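Q: I am new to this structure. Can you show me how to read it, feature by feature?
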Amino acid sequence: MPFLQNTWYMFGHAHEVTTDSFLNRTIADVDLLVYRKTDGTLAALHDLCPHRFVPLHKGKQIGDAIQCGYHGLEFGSDGQCVKHPVTGAQIPKTACVQSYPVVERDTLIWVWPGNADRADASLIPDYSFLTQPDRRNVGGYLHTLANYQLSSDNLLDLSHVQFVHSSMQASEAFERSTFRVEQEGEEITTYLTLPNGLPPPLYRTMLDPGTPLDITFEMRWNLPSCIRLRMTGTAVGKPEEQLFQTMSAHVVSPETASTSHYFYINSRTTDLDNPEADATIRNWQEQGFTQEDKPMLEAQQRYIGDRDLMSLNPAGLKTDAGAVRARRILAERIANEPQIPDRLDTRSYA
Amino acid sequence: MPFLQNTWYMFGHAHEVTTDSFLNRTIADVDLLVYRKTDGTLAALHDLCPHRFVPLHKGKQIGDAIQCGYHGLEFGSDGQCVKHPVTGAQIPKTACVQSYPVVERDTLIWVWPGNADRADASLIPDYSFLTQPDRRNVGGYLHTLANYQLSSDNLLDLSHVQFVHSSMQASEAFERSTFRVEQEGEEITTYLTLPNGLPPPLYRTMLDPGTPLDITFEMRWNLPSCIRLRMTGTAVGKPEEQLFQTMSAHVVSPETASTSHYFYINSRTTDLDNPEADATIRNWQEQGFTQEDKPMLEAQQRYIGDRDLMSLNPAGLKTDAGAVRARRILAERIANEPQIPDRLDTRSYA
Amino acid sequence: MPFLQNTWYMFGHAHEVTTDSFLNRTIADVDLLVYRKTDGTLAALHDLCPHRFVPLHKGKQIGDAIQCGYHGLEFGSDGQCVKHPVTGAQIPKTACVQSYPVVERDTLIWVWPGNADRADASLIPDYSFLTQPDRRNVGGYLHTLANYQLSSDNLLDLSHVQFVHSSMQASEAFERSTFRVEQEGEEITTYLTLPNGLPPPLYRTMLDPGTPLDITFEMRWNLPSCIRLRMTGTAVGKPEEQLFQTMSAHVVSPETASTSHYFYINSRTTDLDNPEADATIRNWQEQGFTQEDKPMLEAQQRYIGDRDLMSLNPAGLKTDAGAVRARRILAERIANEPQIPDRLDTRSYA
């Protein structure tokens, strides 16, 4: 299945790109170089010199231009070649690279590989909680050898938490768990509720281990693979009496058909100035995402390869409902997308 | 060439599977999970959850069932799903995995990937010497990046011992060596005799270095790639006067078309309670199989790739006769095998 | 694009092959074993036993023959099998390997994969400076994961030195640089001149840092990918007043379509008996070729893959002129080459 072109993909965290340090990543099979101009705004170029096809990230930034590291051609943020350093040499018209819309919002960097005229920043999913006052964010990045949709499947069916993340999050309330899905336009939300249980180890820094509570995981999905989790603990049978609420961003961008970028940020409202709380969160992010989820997703990918998951007739469970709808919305969007016939060839790594 | 389906492949040594520790291996392109039920008998399942296609070996054994490590589905030894842990969720009919005939015999575990109705345990080649009293067995396992038939070729032409294993086993009697082949039905036996030589280093723990002897290697081959070696030393010209006799099992199971499992067991009748003798045998098994044979087989594989050896018109030598007959018997069996049209898809790793 | 067959490819440095130590390398997809016979002359065989297809380099040299390490077949320097060690066994006619013309000249070893009747040693490019008295040579070998033509492109456009090798060789005179190309028959020469600059760090062992000079790089290219660099420093505006002259050999041989062998030798006329000068040269060869050129070439290869560079419509610069002509000459030669229908299959690694 091709990638959706006319959409915003998360490219990275804003702090990953500074005026001293550009960043190259492949997004949806497009090799990109994102850099910060001297005025602080971002530029995104196809990461490939049109002369001898070396990646521009092997060069360096000179003012607001990128100099190729091989023969010194320089390209501005619009992709036009602005300098060829040998005496008497002309700059040919073909010496230009594709530039891409790029937006920085809510501490995240987004790129649009499709038709630039349609790149409307208001289509970026809302992650404004990341910049609300009185929150503390702890995030990271994980490269995964798996298709990005396997990752969003994983996130949209949190019943896996009981098994994949059992040491930190298994709950005896899981036996009483309920699951439901809501859809509003192209936005999907799944709810998994664990009623009247004791706090699993993960929550014991926030709660006394003896406190019974109802836990609800609310997963909001937006195109193409952007998820926001709201995890709420409330007094048993009293949804209005909130014991805690955590928000987090889980954004997956395809790198290639079989690899992906996973960006995550946990955002808390308690213990704001406690570096130990940061470290604890980093530890379980590392354990949960790198040690537990990643091997599972990569094992799936090794089996599924470049086939479509649904074409393999998977046994369908009730808890798949959110993931299946999300896949359907995405597939429909891709099927209906106008072709972009004059796109430059942007990548052909095998 | 496809793999023979209606045959017993060695899956592992019996001690590799306990009630505390299941084992996954791919046999003839089928990913298998073999586990020991609470009554001590074995079960073999396709190592793949039909829900989201993660390997079942990432889960755990619960009683006589296997629980998938991703979303907690449980499967019995017949492959039927027996539990889905979310409240109110149905188990769909498609939630089942293929189960396979599995037999434990003479300390070896055998699986049958083909039609279960035809899985007759009496077809398993005889390795009963492994359980005879007054023997001491030392064995192991080696993974090889080569087609399994290259391994049986190697075993059926022991003239390679003089060159590949020269430091331990080269004999000046090799210049006088003779070679012959016998066939009885689908059983092949090759005989390599080194007459009137002095014992090579390997035998000097059993024999005085000055003792002249005749050595005979008798290699019995059975479908699909199961070999038993009887190595006999006799007084020169007096075949009835036996100086030593060693038996060993050499069983090769295909993993994929280009990789294989090599199981070996040396079984001796002398020095039974001597741990140093065990260590000596382990050392030359490591040297001979891992350091010497394996690189040779893997170099062959790199050249031959997925082509058929015989299609490359190899120069034929007299000592190939056993290997060539074995290949012919196997190819004929495969050609005559009924198709199994309703087999589940069992593997599609590239 | 296939490889040119009727041409001399550099196989290695003469000192790499001794009577005690043969050398195997793949040249233009042909696996070769080159060894030195007891009389000191060289022989080149296809590195593959025709019996069971293991490489002959896993065996050993016995007199002027090579013994296969698997079953002991021996092959003479003409490729004929001269011994099969088992009693009463015939040597089949098919037990022979292809032999190849091989020549040692000017400390370099050259092989000819094509029609042996056309292998004229006078076609080998002239590297006689390597054996002139009063010179000191420091050379080496580098394996590169890139097509060999990317390497000759690199060498024929030395404007890359200013950017790729900037720390050692960047010159402020580069802004005034001029470039031109000459062609004589199938020989290409490119000239890059940096007028009236101060010596870059690389030259400061030979020159006072304050000496202004004109530097000229003269690159001579011969089929298939053989380059000789003459680097000359002269007093500003006085080309007759030479300050230094360095010669060097840069010979690239294809291994496969996507990998190559790079052989280089720096030959100097000063400081002949100074081991420190040797070490300094080795250091910048290591830095320049391994640390700086190689990653650039390999990045190109990852993008270009098995496509032809020119089919990708690269933006053309004036300084490409030498490389483009060299590619054209080579492509023409390959297109006009007679087919060799009865060539043995020499390699089929993927």
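A: Start with strand pairing. Two strands pair if DSSP finds at least two bridges between them. Keep in mind that this is a predicted model.

Q: Which strands form the open sheet in chain B, and in what order?
A: The sheet has 3 strands, in the order β1-β11-β10 of chain B, and their pairing is antiparallel. The edges are β1 (9-13) and β10 (102-105) of chain B, each of which pairs on one side only. On average, neighbouring strands of this sheet are turned by 30° against each other, direction ignored.

Q: How many bridges join β1(B) and β11 of chain B?
A: These two strands, β11 being residues 108-111, pair in the antiparallel sense over 4 bridges.

Q: What is in chain A as a whole, counted in helices and strands?
A: Chain A has 5 helices and 18 strands. Its C-alpha trace spans about 80 × 50 × 35 Å along the principal axes. Buried residues account for 44% of the 350 residues in chain A.

Q: What does the radius of gyration of chain A agree with?
A: Compare it with a compact globule. For 350 residues, such a globule would have a radius of gyration near 20 Å; chain A has 22 Å, which agrees. Of the chain A contacts between residues at least 6 apart in sequence, 56% join residues at least 24 apart.

Q: How do I read the relation between copies of a chain?
A: Two copies are related by a rotation about an axis and a shift along it. Here, chain C superposes on chain B by a rotation of 120° with 0.1 Å of shift along its axis, at an RMSD of 0.0 Å. That is the relation of a three-fold axis. For chain A on chain B, the turn is 120°, the shift along the axis 0.0 Å and the RMSD 0.0 Å.

Q: Where does chain A touch chain B, and which elements give two or more residues to that side?
A: Begin with the counts: 28 residues of chain A are in contact with 23 residues of chain B. The elements giving two or more residues to the chain A side are α2 (161-164), β13 (178-184) and α4 (275-304) of chain A. The largest share, 6 residues, comes from α4(A). By class, this side divides into 12 nonpolar, 10 polar and 6 charged residues.

Q: How many residues of chain C are in contact with chain B?
A: There are 23 residues of chain C in contact with 27 residues of chain B. The chain C side has 13 nonpolar, 8 polar and 2 charged residues.

Q: What should I look for in the backbone angles?
A: Look for exceptions. Most residues other than glycine have a negative phi, and most peptide bonds are trans. Now the cases. The peptide bond from B:Leu223 to B:Pro224 is cis, with omega near -10°. B:Pro224 sits in the loop between β15 (213-222) and β16 (226-235) of chain B. In chain C, the bond from C:Leu223 to C:Pro224 is cis, also with omega near -10°.

Q: Is B:Asp29 buried or partly exposed?
A: B:Asp29 is partly exposed, because 16 other C-beta atoms lie within 10 Å; buried would take 20 or more. Its phi is positive, near 70°. B:Asp29 lies in the loop between β2 (23-27) and β3 (30-36) of chain B.

Q: Is C:Phe53 buried or exposed?
A: C:Phe53 counts as buried, with 21 C-beta neighbours inside 10 Å. Its phi is near 65°, a positive value in a residue other than glycine. The loop between β4 (42-46) and β5 (60-62) of chain C holds C:Phe53.

Terms used:
Residues numbered from 1 in each chain as written. Chains lettered and ligands numbered in written order. Predicted model: local features only at pLDDT ≥ 70, side-chain atom pairs only at ≥ 80, totals over all residues. Contact = placed C-beta atoms within 7 Å. Nonpolar A, V, L, I, M, F, W, Y, C, P; charged D, E, K, R; others polar. Rg over C-alpha atoms; globule rule 2.2 N^0.38 Å. Buried ≥ 20, exposed ≤ 12 C-beta atoms within 10 Å, placed from the backbone. Least-squares fit on C-alpha atoms with pLDDT ≥ 70 in both. Axes fitted to C-alpha atoms, helices over the stretch in contact; angles between N-to-C directions.
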